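Let's work through a few exercises together. Have the sequence and the 3D view open as you go.

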Amino acid sequence: MALARGVVAGLLHELGATVARITMVIVAAVALEAVTGLVTAIFDIIKYAGAAYLIWLGIGYLRSDSMVKIWTAGASQNGWRQVVAGFFVLWGNPKALLFFGAFLPQFVNPDYPAWPQVVLLGSIEIVAAIIADVTYITIAATARSALTGPAAHWASKTAGVILIGAAVWLALQHH
């Protein structure tokens with residue numbers, strides 16, 4: 001997002017992803033066992049839908065003339081839409097919820113209530129993710145001008161091949 005639309009758009013997208021992480025921590029803290037069972041039951045459907053989406057994106061990059069369409073300052077940017085997109089991108093990744101449901105409980109002390117521990121551990125992960133993602137957003141926004149002209153053509157083709165490869169890898173993953 002930041003590569004195509006700049007740092008503000010990237011930060012808005014990150015805001016949506018952060019809200020998604022918060023909701024995932026809450027889901028993991030309140031109904032850990034039930035959610036894990038539900039996600040496991042529909043994992044394959046989500047996985048194949050995600051793989052199909054990656055293939056669609058990859059083909060789009062392979063067919064496009066350039067990878068980055070730089071948005072100018074005067075171009076219309078709907079901030080709310082970017083926040084919502086960030087939210088659904090993270091919720092569309094089943095591994096994100098599985099991370100909260102499978103990784104965080106390993107550090108829960110059974111002698112104390114689980115809910116506040118999971119919330120605290122999830123909050124630590126959220127802060128770490130925000131720091132890492134804002135760093136990536138800043139780098140991507142800075143690199144925007146480097147990906148115009150002839151370099152954009154090859155970057156687009158490379159991105160398309162990588163996305164299609166990621167789709168194949170995702171489709172072949174087991175529970």
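A salt bridge here is a side-chain nitrogen of Lys or Arg within 4 Å of a carboxyl oxygen of Asp or Glu. The model is predicted, so local features need pLDDT of at least 70 and side-chain atom pairs count only at pLDDT 80 or more, while totals for chains, interfaces and linings use all residues. Residues are numbered from 1 along each chain as its sequence is written, and side-chain values use heavy atoms, with hydrogens and water left out.

**Exercise 1.** Find out how many salt bridges the whole structure has, and which residues they link.

*Solution.*
- Step 1: searching the whole structure turns up 2 salt bridges.
- Step 2: Arg21 pairs with Glu14, with the closest N and O atoms 3.1 Å apart.
- Step 3: Arg21 also pairs with Asp133, this time at 2.7 Å between the closest N and O atoms. That pair ties together distant parts of the chain, 112 residues apart: Arg21 sits in helix H2 and Asp133 in helix H5. (Helices are DSSP runs of H or I, at least four residues, numbered from the N terminus.)
- Step 4: put together, Glu14, Arg21 and Asp133 make a network of salt bridges.

**Exercise 2.** Work out whether Arg21 and Glu14 are buried or exposed.

*Solution.*
- Step 1: buried means under 20% relative accessible area, exposed over 50%, and partly exposed in between (1.4 Å probe, protein chains only).
- Step 2: Arg21 comes out at 9%, so Arg21 is buried.
- Step 3: Glu14 has 8%, so Glu14 is buried too.

Notes
Helices (H or I, at least four residues) and strands (E, at least two) are DSSP runs, numbered from the N terminus.
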